[in-house]
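Subject: Structure handover

Hello,

Here is the structure I said I would pass on. My notes on it follow below.

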2 protein chains.
Amino acid sequence: MDIQHPYLLFLGDAKDQLAAKTAQGVAHWRPEWCVGQRRLEGCQADLGLTDMTLEEAWNAGAKTLVVGVANRGGVISDVWTDVLERALMQGFDLAAGLHNRLADVPSLAAIAAQHNRKLFDVRHPDRSFDVANGRKRSGKRLLTVGTDCSVGKMYTSLALERGMRDSGLKADLRATGQTGILIAGSGVSIDAVVADFISGAVESISPANEPDHWDLIEGQGSLFHASYAGVSLGLLHGAQADALVLCHEPTRHHMRGLPEYPLPELKVCMEANLTAARLTNPVARFVGISVNTSHMAAGEAEPYLRHLEKELGLPAVDAFKDGVAPIVARLG
Amino acid sequence: MDIQHPYLLFLGDAKDQLAAKTAQGVAHWRPEWCVGQRRLEGCQADLGLTDMTLEEAWNAGAKTLVVGVANRGGVISDVWTDVLERALMQGFDLAAGLHNRLADVPSLAAIAAQHNRKLFDVRHPDRSFDVANGRKRSGKRLLTVGTDCSVGKMYTSLALERGMRDSGLKADLRATGQTGILIAGSGVSIDAVVADFISGAVESISPANEPDHWDLIEGQGSLFHASYAGVSLGLLHGAQADALVLCHEPTRHHMRGLPEYPLPELKVCMEANLTAARLTNPVARFVGISVNTSHMAAGEAEPYLRHLEKELGLPAVDAFKDGVAPIVARLG
C-alpha cells in the first residue's frame, strides 16, 4: 500500500468527535498532508480544517479522499456511497480503515476500475507475504510494546518519530494498524495477516536501511493479552528490535475485553518482551516507558512517573503531556 | 469442517512414497475409515490397501475421496481433475490438504454445486472465528509443543489419543494441521487463520466438554521459531492446556528453515512454554517428553532418553518405537 497525499478527510455524518478519531489522528500527525475536511449534513465532528467540496479539495491538490470516520451500524450508507462515487469521478483515490471494504461496494469497484483509481482498504492486506527468514537487516529498529491493547503504542511511536526528526535523526513510522497506515501512507494491518506470515509481514514493512536510520514500528496488543498475544509475539520477532518502549495505562482494572485477566506487572511484562525479542536480536533493550496518565487523579501522575524511573532505571514519560525527549536522548 | 468417512484414499501419480505421506498418516491412524486406495498410472506409492475403482469404493461404503498426495509442481493436473470430477458425480465429497484449493478448479466447483457435494480444502479455514475470550472451559486439555517445527507433535498427539482410549479414557484429537484434520475428520489449519483469531479458533475447536474428557490438541511450530512463534503462542493461549508434552528431535543442527538459529535448550523451551501457558491456565504442567530418535545412532537413543528423564523429572519416550504408556499413566 502506498497512499498518495495530500488528503481530503471525509468525516461523513459522524455522530460525535470520537467517531472521527481516525481522521483526527491523521490531522494531528500529518497536518501538512490534510488540505481540508468534507462533512455531510448532521456531522457532529470537526477537525478545525477548512470545509471543502470535492472540487475545491481537488483544486487545492488533494489526491486521496480518506474515510476517517466509523460507519454507523457497520454499513456504508447510500449517502456516503454517493460522495465516494463522485470523489472517484473527480479524480481521487479512496482510502478507508473500515471493517467493510470499499472494494466490496459494487459501484465503487466499477467506477474505480473504469477511471483507473485506487481503493485502499487499509484494514485488509492487499498482498501476500513471505514467511519470515529471521536474518539480520541493516538499520535500527524500535518497537513499542504494551501491557495491554490501546495503551498508546501508536501515539508513542509517532511522538518518537517527530522528536527524532526534530533532533535531526532519520526516523520513519512503520505502521501496523489502520490509523497508523493512513498517517504513514503505507504499512500493513498486521492483525489481519494470515497467522503464518505475521513475522514475515513485519520484516517486509521494515526492510534493510541505512545504518543510522530508525524504523519506529507500531506495536499491537500485548504478550499478556489472551486473545491477541500471538500477533504481538510475531511482531516482536519480525521487528528484530534494537530498542523497546513499554506503553502502559495505569488505571486499567483488567485487560481490555477480558474482565477475568489482570494487567501484568511492568517488570514481568518487560522481562517477557525482552526474552522474546532477543530470539531475533540478542542486543534488544528497553529505552523507556510511555504512560498514558490522562485518567489519573491530579497530582498522581508525576510521582508515579518518578517512581517508575527509579524502579526500572529508565525514563518514564507521558508522551502526550510531556513529550518523549528523555527517550529520544537515549537513541542515536 | 466435518468430513464424512469412510474414505477412499487418492494417491494420484505420486512419484514416491513420501509424496503420499498425508494418505499414509490417514491409513496409519484411521485404518477403520479407509476402504481402499485409488492409484493412477505411474503411481510409485502404495499404502497396502485394496486398489479400487471409484464405483467399487462407493459400493464398499466410502463417502469421501481424500486427496492424500502432494501435487507435482503445485498444479492440479487434468488427469487428477478427471478423476475428481467423476468422484463427485459418483456421489463422493472431496477432501484435500493441498495448497491449491479444489474449490478454485471451476469444473469441480460447478459439479459440486450441481450435485450438492462438499469440497473440503482443509488447509484453508472455511469459516470465521470469534476473538478468544480466555474463559475457562470444562474438560481437560493436553497440548503438544516443540523445540522446532516437524518434531512429532501430530504423531505424539495421535499416539496419546490411541493410548488413552485403550486405557478407557475419553480422548479426542483436536487437529490444527492438514493431515491431522483428515485423520480427525475435523479441525482447523491454524496457521492459515487470520492473526487476530488464532487463539479464538483454538477455543472453538476445543469447546467445553465432560469434566473427565481430554482434548489432545495438535501443536504447531515452536515458541523459538523466528518465523512461526506467533502461531505457537496463540495456540498455547487458546488451548488453556492442563498438560503439555514437549516434542524434540535431537539431531537437528538448526531450526527448520533457519540456518542461523540453533535449537533451544529443552529446559529453556519448557520454561518459556510453561510461563506462557499459565496466562490462561495457572495449573498447566509438563507431563512428558516425546523424542524422535530415528536419526540417532544405534545405542544412543536409550541412554539419551534415560538422561532426559533424570534431568527433567518426566517420562521421556520415543512415541514411535516405545509408545507413550508412561505419559498416559500420568493422565487420568
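**Domains of chain A**

In this predicted model, the centres of domain 1 of chain A and domain 2 of chain A, taken over C-alpha atoms, are separated by 29 Å. The domain assignment places domain 1 at residues 7-121 of chain A and domain 2 at residues 140-328. Where they touch, domain 1 of chain A contributes nine residues and domain 2 of chain A contributes five residues. On the domain 1 side, helix α1 (residues 21-29) of chain A supplies the largest share, four residues. By class, that side of domain 1 of chain A has four nonpolar residues, four polar and one charged.

**Confidence**

The average pLDDT of chain A is 97, and 100% of its residues score at least 70. For the complex, the predictor reports an ipTM of 0.94 and a pTM of 0.96.

**Helix α10 of chain B**

Helix α10 of chain B covers residues 301-312, twelve residues in total. From its first C-alpha to its last, α10(B) reaches 16 Å, close to the 16 Å expected at 1.5 Å a residue. Just after α10(B) comes B:G313, which takes a positive phi of about 70°.

**A:A316**

One residue of chain A that I looked at separately is A:A316, in strand β11 (residues 316-317) of chain A. Is A:A316 buried or exposed? A:A316 has 24 C-beta neighbours inside 10 Å, and the cut-off for a buried residue is 20 or more, so A:A316 counts as buried. Leaving aside neighbours within four places in sequence, the contacts of A:A316 are A:I289, A:V291, A:L305, A:L308 and A:E309. A:H5 lies 311 residues from A:A316 along the chain, and 34 Å separate the C-alpha atoms of the two.

Regards

Technical notes
Residues numbered from 1 in each chain as written. Chains lettered and ligands numbered in written order. Predicted model: local features only at pLDDT ≥ 70, side-chain atom pairs only at ≥ 80, totals over all residues. Domains from an automatic or database assignment. Contact = placed C-beta atoms within 7 Å. Helix = DSSP H or I, 4+ residues; strand = E, 2+ residues; numbered from the N terminus. Nonpolar A, V, L, I, M, F, W, Y, C, P; charged D, E, K, R; others polar. Expected span 1.5 Å × (residues − 1). Buried ≥ 20, exposed ≤ 12 C-beta atoms within 10 Å, placed from the backbone. pLDDT = per-residue confidence, 0-100.
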